[in-house]
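Q: I'd like to learn how to read a structure like this one. Could we take it feature by feature?

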Amino acid sequence: MKRYRLLATATAGLILVLTGLLLFGNLNGNLVYYLTPQEAIAKQAQFPDGRRFQLGGLVAPGSVVRTDGGLRFSVTSGTGKDAAAVAVAYAGAPSQLFQAGIGVVLEGSWSGPVFAADTMIVKHDEYYEPPGSTRARPEAGP
């Protein structure tokens with residue numbers, strides 16, 4: 001009886017370990033990190049060419065250049081003395097809301113000194129109105 005209990009406990013433990021490996025074994029390989037331009041530049045060696053991550057920041061004014069099949073622009077972390085900028089090559093059609101000065105989150109990887117992105121999320125405020133709309137924005141609260 002004691003031997004069967006030991007065998008059942010060992011089998012249950014083995015099943016739990018195998019289940020854990022199946023569920024969480026490759027979790028680190030599937031993570032996509034979010035970095036600011038400062039962090040991306042500082043950790044560029046830790047994210048070699050081909051390793052995907054998300055880059056978030058503001059599109060630098062005057063940096064947008066349309067190319068065949070995409071865009072080239074810079075993403076900056078702000079305007080202070082600690083501001084950093086990353087050159088971005090985006091493949092695909094940009095969102096209609098895309099413009100200089102707007103917040104973006106890009107997903108891609110380093111391709112040499114340039115961040116090659118294939119996914120873009122454009123941030124906008126809650127007061128978005130379609131072009132040509134005449135509805136006034138609500139006043140700011142106290």
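**Reading the model, step by step**

Q: Let's start inside: are F73 and F98 buried or exposed?
A: Buried means under 20% relative accessible area, exposed means over 50%, and partly exposed is in between, using a 1.4 Å probe and protein chains only. By that scale F73 is buried, and F98 is too. Over the protein chain, buried residues make up 25% of the 142 residues.

Q: Before we go on, what kind of model am I looking at?
A: It's a predicted model, where local features need pLDDT of at least 70, side-chain atom pairs count only at pLDDT 80 or more, and totals for chains, interfaces and linings use all residues. Residues are numbered from 1 along each chain as its sequence is written, and side-chain values use heavy atoms, with hydrogens and water left out.

Q: How many helices and strands does the protein chain have?
A: The names go to DSSP runs, numbered from the N terminus: helices are H or I with at least four residues, strands are E with at least two. Here you get three helices and seven strands. Starting at the N terminus, the order is α-α-β-α-β-β-β-β-β-β.

Q: And how many aromatic pairs are there?
A: Rings of Phe, Tyr and Trp (its six-membered ring) pair if their centres lie within 6.5 Å; planes under 30 degrees apart are stacked, over 60 edge-to-face, and the rest tilted. The structure holds four such pairs. Take F73 and F98: their ring centres are 5.1 Å apart and the planes sit at 55°, so this pair is tilted. It links distant parts of the chain, since F73 is in strand β4 (residues 70-76) and F98 in the loop between β5 (85-91) and β6 (103-111), 25 residues apart.

Q: What sort of pair do W110 and F115 form?
A: That one is edge-to-face, with 6.1 Å from centre to centre and 85° between the planes. W110 has a relative accessible area of 3%, so it's buried. F115, at 0%, counts as buried as well. There's a cluster here too: ring pairs link F53, W110 and F115.

Q: How many residues of β2 are buried?
A: Five of the seven residues of strand β2 (residues 53-59) are buried, so this strand is largely enclosed by the rest of the structure.

Q: What about charges? How many salt bridges does the whole structure have?
A: Side chains of opposite charge can pair when their charged atoms come close. The rule used is a side-chain nitrogen of Lys or Arg within 4 Å of a carboxyl oxygen of Asp or Glu. A search of the whole structure finds two. In one of them, E107 meets R52 at 3.3 Å, N to O. E107 lies in strand β6 and R52 in the loop between α3 (37-42) and β2, so the pair ties together parts 55 residues apart in sequence. E107 is buried, with a relative accessible area of 19%, whereas R52 is partly exposed at 31%.

Q: Which salt bridge involves D118?
A: D118 also meets R52, at 3.0 Å from N to O. D118 lies in strand β7 (residues 114-122) and R52 in the loop between α3 and β2, so this pair ties together parts 66 residues apart in sequence. D118 is partly exposed, at 42% relative accessibility. Put together, R52, E107 and D118 are linked in a network of salt bridges.

Q: Last stop, helix α1: how many of its residues are buried?
A: Of its 23 residues, the number buried is zero, so α1 lies largely in the open. From first C-alpha to last, α1 reaches 33 Å, close to the 33 Å expected at 1.5 Å a residue (the expected span is 1.5 Å times one less than the number of residues). L21 is in α1 (residues 2-24) and counts as exposed at 54% relative accessibility.

Q: Which residues make the nonpolar surface patch that includes L21?
A: L14, V17, L18 and L21 make it, with about 390 Å². Patch residues have over 30% relative accessible area and no salt bridge; like charges are joined within 9 Å, nonpolar side chains (Val, Leu, Ile, Met, Phe, Trp, Tyr) within 5 Å. The areas come from the Shrake-Rupley method with a 1.4 Å probe, and for residues only the protein chains shown count as cover.
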